[in-house]
Amino acid sequence: MALYVKAAAVLGQLEAKRGSVKALVFNSGHKNIKQLYALVCETLRYTSVLEDIISMTDLLKKEKKLQMNVAKVLVYDLLFGKGLKCGGSWKTLIMKHRSQLKSTLARLKVKRKVCRNEDLIESKPAGKEYQLPRYVRVNLLKTNMEDVIDYFKREDYLYLGQATDADHLKNLGSKQFVSDAHLPELLVFHPKIDLHENVLYTAGHIILQDKVSLLTHHPATHNEALKYICLLFNQDPLYSNLTEKI
């Protein structure tokens, strides 16, 4: 049980930007550093898949005491690892949902047309353009940032605070979001999230809008934000070909 508690704690510290994987694992105090490091790294590799499975099975809604990061490491070892390495309450809790978790994994593989678990991991093919994240503008005439952030938290999204750099946006999980670094009314989500049927969108409380179109209304942050977007494409911030890529 200690292994999963420590691994979940490291994942939480990574989300809070408190250090690197190696440093956090080394300073965790866990007796088997190699085992903990392997579990954390593999869980990170499968993070988006694990979040999808946990969401599809409503695991966190069914098990109110279970936190996302604990769920991730437990579900990883059950479905992708060498089996759960614990007994007691954690194993009992997860094994209750074993059949549903396994069938959900099977359905996900069929849906994505893959045979191996490894093929579920999203990778960026060589030469492929970086996909911009989903930008969501909060309509401050109808609501406020705090209420919208609280709403998505209740919907099992993980709020990671304000984006600090381009890598922060590139590494967003499917159920994670951040505040934009430049525009105070803007939230940023995973590129593949679809919010067109979300109640906040249909009620006009949020607007799906690309960041570039918003910059014209924020001239003070225009140049800084353009540089930031260029970093997403690993370009020199001279804005060459920027409009062609967005």
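Reader: On what basis are the values computed?

Author: The model is predicted, so local features need pLDDT of at least 70 and side-chain atom pairs count only at pLDDT 80 or more, while totals for chains, interfaces and linings use all residues. Residues are numbered from 1 along each chain as its sequence is written, and side-chain values use heavy atoms, with hydrogens and water left out.

Reader: How many aromatic pairs are there?

Author: Rings of Phe, Tyr and Trp (its six-membered ring) pair if their centres lie within 6.5 Å; planes under 30 degrees apart count as stacked, over 60 as edge-to-face and the rest as tilted. The count is eleven aromatic pairs. In one of them, Tyr-151 and Phe-152, the planes stand at 75 degrees and the ring centres 5.3 Å apart, so the pair is edge-to-face.

Reader: Are Tyr-151 and Phe-152 buried or exposed?

Author: Buried means under 20% relative accessible area, exposed over 50%, and partly exposed in between (1.4 Å probe, protein chains only). Tyr-151 is buried at 14%, and Phe-152 is buried at 0%.

Reader: How are the rings of Phe-177 and Phe-189 arranged?

Author: Their centres are 5.0 Å apart and their planes at 5 degrees, so the pair is stacked. Phe-177 belongs to strand β3 (residues 176-179) and Phe-189 to strand β4 (residues 186-189), so the pair ties together parts twelve residues apart in sequence. Strands (E, at least two residues) are DSSP runs, numbered from the N terminus. Phe-177 is buried, at 0%, and Phe-189 is buried, at 0%.

Reader: Which residues form the aromatic cluster?

Author: One cluster is formed by Tyr-151, Phe-152, Tyr-157, Tyr-159, Phe-177 and Phe-189.

Conventions. Helices (H or I, at least four residues) and strands (E, at least two) are DSSP runs, numbered from the N terminus.
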